[in-house]
Amino acid sequence: MIDLTLNGVPTRLDVADGTPLLWAIREQAALTGTKFGCGIGACGACTVHIDGVAVRSCVTLVESVAGRSVTTIEGLAPVGSLHPVQEAWIEDQVPQCGYCQSGVIMAVTALLERDPSPSDEELEATITNICRCGTYERIRGAIRSLAQTTEP
Amino acid sequence: MADDERGTAADGHPVGEGEGLEAAGKKGPKGKWTRRAFIGAGTLTGGGLVLGVGGVVFAPNRLRIGPEPEGGTGQLTTWIRITPDNSVIVAIPHCEMGQGALTGIAMMMCEELDADWSLVRIEEALARDEFANGYVMRAFVDEAGFSLPGWFERAFGYAAYKVADLAALQMTGGSSSTRGTGQYGMRIAGAAAKEMLLEAAAERFDVPVEELTARDSRVSHGPTGRSATYGELATLAATKKVPNRPALKTRDQYRLVGTSQPRHDIPSKVVGAAQYGIDVTLPDMLYAAIAASPVFGGELSSVDSAPATAMAGVHEVVELPDAVAVVADGYWQASQALAALSPRFTDAGMGDASTETIYAAHVAALDEEGPGESQSGAASTVAAEYRVPYLAHATLEPMSATARVADGRCEVWAGTQDPLNARRVAAGAVEMDVDDVVMHNQQLGGGFGRRLTGSFDYIEQAVRVAKAVAPRPVKMIWSREEDMGHGYYRPFVVARLRSDLDADGRPLSWTSRFTGSRLGDGGAATPPYAIEDVDIGVVAPPQYLRTGSWRSVAFSQHGFFVESFVDELAHAAGRDPVEYRASLLSHEPRHLAVLHRAVQMANWGGALPEGRARGVAVVEAFGSIIAEVAEVSVEADKTIRVHRVDAAVDCALVVNPQQALTQVQGGVHFGLSAALFHEITVRNGVVEQRSFPDYPMIQLANAPRVNVEFIASDGPIGGLGEPGVPPIAPAVANAVFVLTGQRLRTLPLRLA
């Protein structure tokens, strides 16, 4: 039994210690936007925010998030609205199959929150998500257009 | 044609040789393919027009217009519905796996219908025979008289297929959606519906039909200023005679096709709402983890289920002939309990197989062929052996499927590239009539050929597990490790190429002997170059791993062989690789055009930063021709790094430019991961790779910039999902040769 704040809502998840956060989110909380890709933190499809920091939920145990604030792709923006990164993703038509994109978007939002104009080096070192379809050109472009619009 | 209380009589007329069908009429050796299609139309309950097009050869009775037999949604199983509220709803018999084909195909329909694009809604057609896309086959037939794709031969056997099987294909593969369904089905449907709407308006306004114009979902009569929406006219239109030769637009009349339009599937993908196979959730659902025999062909000999059943939340340990599954309340519980088991499998006599023994078997098969003789008059001979490894598809969404066996029925929820055949596999696995199986196809978290016909082990497993825990539904998910180790891999191929050159370095002959099991690979192995004596031959080695279609199929291997080897010839002749290719392509103006454009984009011959070089390759595949130039460096630790790729593409017609661009860019990145990193190896009969760390992918940090330009031409429309893949490996290898003098003839590319 874990108490946490999930997408802004105090939530109790009936799940055993030792369970990766990913499966608690997908199965107990029924939020399937967070994806399973590898289970070892290698691909980034399961990325969520814990207290605003991008974390790979498949290698994060549920007990470690007790009392903390977890945000998933479904909670990135208030219902009926879009986060600027999501808007940019539609504007630039980034996703192909889209399976990795929840994780990419969560990683990018956390990065831009920390640094609205990341250098190429920072971007490449931080956004290590795997996209099998190869949408990297559009990911880069969408981030650059966001960085420009947030510059003074 | 069936009639029922919801749909009124549907009429069928053969369609003649409209512009859109012209190219499909080439007769192959079988001579059975015709260019005829059938259009049927009827009225919707509550008013409106429904219209569908089917292939008459494949399915004379396919145009049944009727509601769902169960579920009561009243959805009609045809291609276009125009409703009184002026919506146009189009059902498309292809799956969405990120290629954007659904949007592109709908655009082609909308273009001919002259509908308002903002009023068009897209649905994926249900997995029912009425949607079978015989047109897909036509796209292949069109290309080479009578050439069937590799997956098809494996699925049915080249000689043994039946026309009835063809009719039941609803697959998405072979880069065929836009050029098949779009070109030969949807356009005709749109054009026919428009003519019926015009007839309806002529009656309502009592004016000659010639005085009417259709645009943006409205028919207008200029002289009187009267107009009506398609929705207002649809019910009357449904009573009009179905045109048997609807007039299709010529390309210069297009207004929507050729403009960049947003894809219909993207908004749900950025908010986590898009439902993939792995996301299906049913009331009372259980979860399953599974481990199949690590050696292909192995069978489960024994397993002690006690360690698993003792664990919390575990319901059942299910033994399948070649796998063991654990069913639990949650996936994590199931996977932990599975890990606690020690199942024993037989090794099917393959326990000694390794990459080395597989390679040796391929070499032995080639050795039996002998070296062949050089041409008289040859000044020199160039010969080389190439080799490519098995490759996994590694879709980011691992194989998964949800199934429920209850009340004499079986329902399956999964992402597949061919739901009709998946349904058949499911029916066979649970020994049910296919009519008692319902397939709910889901979005695919990547396909690339892994979820095609003949690769439905995951469907089979899921329904068997569901049967064991019936009536509760169960969602089976493969671990990444299970997925990596149980693929239908791109075949391992060894190829020997040889060419005799004259005194000027021109090739007099080109001989290719390669290992493989598919006749169809010969097309991919044939160079486009003007060479008098071309001799292509395949030898069949023993089979080890399961193989399947991998994005761009045989072109991914033979593109590497052919375009590397011709580069070798150019260097042997002491000539520039671009100039050398061009000198052999004067009979192929489209190849020449993309080659020249790509090298221009890349500034071929222009100055480069120290330590960089360019390589080029040009490959025709799936009706499109792509030339790619790669700009490459080699780091101090011998890492090969690709900085930039310039690609020029001739797919004849670009439907949705922004989407076409991403298919090529994605294809380059997909091919580059394989060129630089990917290799499935075998040890003791078992695949060695487990997950992404040992099957690494291109990431943002090493993804090159990919510039793409399209060249319009008059040819039949080409596919785009796959053709971007083949040229990148040889382009990079050719650049590496310039940089290092090392000719890398084995993938992945590794410097000594």
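Predicted model: local features only at pLDDT ≥ 70, side-chain atom pairs only at ≥ 80, totals over all residues.
Chain A is assigned two domains, with domain 1 spanning residues 2–75 and domain 2 spanning residues 84–150. Their C-alpha centres are separated by 21 Å. Where the two meet, domain 1 of chain A contributes 14 residues and domain 2 of chain A contributes twelve residues. On the side of domain 1 of chain A that touches domain 2 of chain A, the elements giving two or more residues are strand 3 (47–50) and strand 4 (53–56) of chain A. Strand 3 of chain A gives the most to this side, with three residues. Sorted by class, this side of domain 1 of chain A holds seven nonpolar, six polar and one charged residues.

In chain A, five strands are arranged in the order 2-1-5-3-4 as an open sheet with mixed pairing. The edges are taken by strand 2 (9–13) and strand 4 of chain A; each has a single partner strand, so one side of each lacks a neighbour in the sheet. From one strand to the next, the twist averages 40°. At one end of the order, strand 1 (residues 2–6) of chain A pairs with strand 2 of chain A in the antiparallel sense, over five bridges. Within this part of the sheet, A:Leu4 has A:Thr11, in strand 2 of chain A, as its bridge partner. Helix 3 of chain A packs on the sheet, where it touches strand 3 and strand 4 of chain A. The direction of helix 3 makes about 35° with that of strand 3 of chain A.

The contact between the chains comes next. Here 46 residues of chain A are in contact with 46 residues of chain B. On the side of chain A that touches chain B, at least two residues each come from helix 1 (21–28), helix 2 (84–91), helix 3 (101–114), helix 4 (120–126) and helix 5 (136–150) of chain A. Helix 5 of chain A gives the most to this side, with five residues. By class, the side of chain A that touches chain B comprises 24 nonpolar, 15 polar and seven charged residues.

In chain B, helix 19 covers residues 657–676, a run of 20 residues. From its first C-alpha to its last, helix 19 of chain B reaches 29 Å, close to the 28 Å expected at 1.5 Å a residue. Helix 19 of chain B is also mostly covered, with 18 of its 20 residues buried.

Terms used. Residues numbered from 1 in each chain as written. Chains lettered and ligands numbered in written order. Domains from an automatic or database assignment. Contact = placed C-beta atoms within 7 Å. Helix = DSSP H or I, 4+ residues; strand = E, 2+ residues; numbered from the N terminus. Nonpolar A, V, L, I, M, F, W, Y, C, P; charged D, E, K, R; others polar. Expected span 1.5 Å × (residues − 1). Buried ≥ 20, exposed ≤ 12 C-beta atoms within 10 Å, placed from the backbone. Pairing = 2+ DSSP bridges. Axes fitted to C-alpha atoms, helices over the stretch in contact; angles between N-to-C directions.
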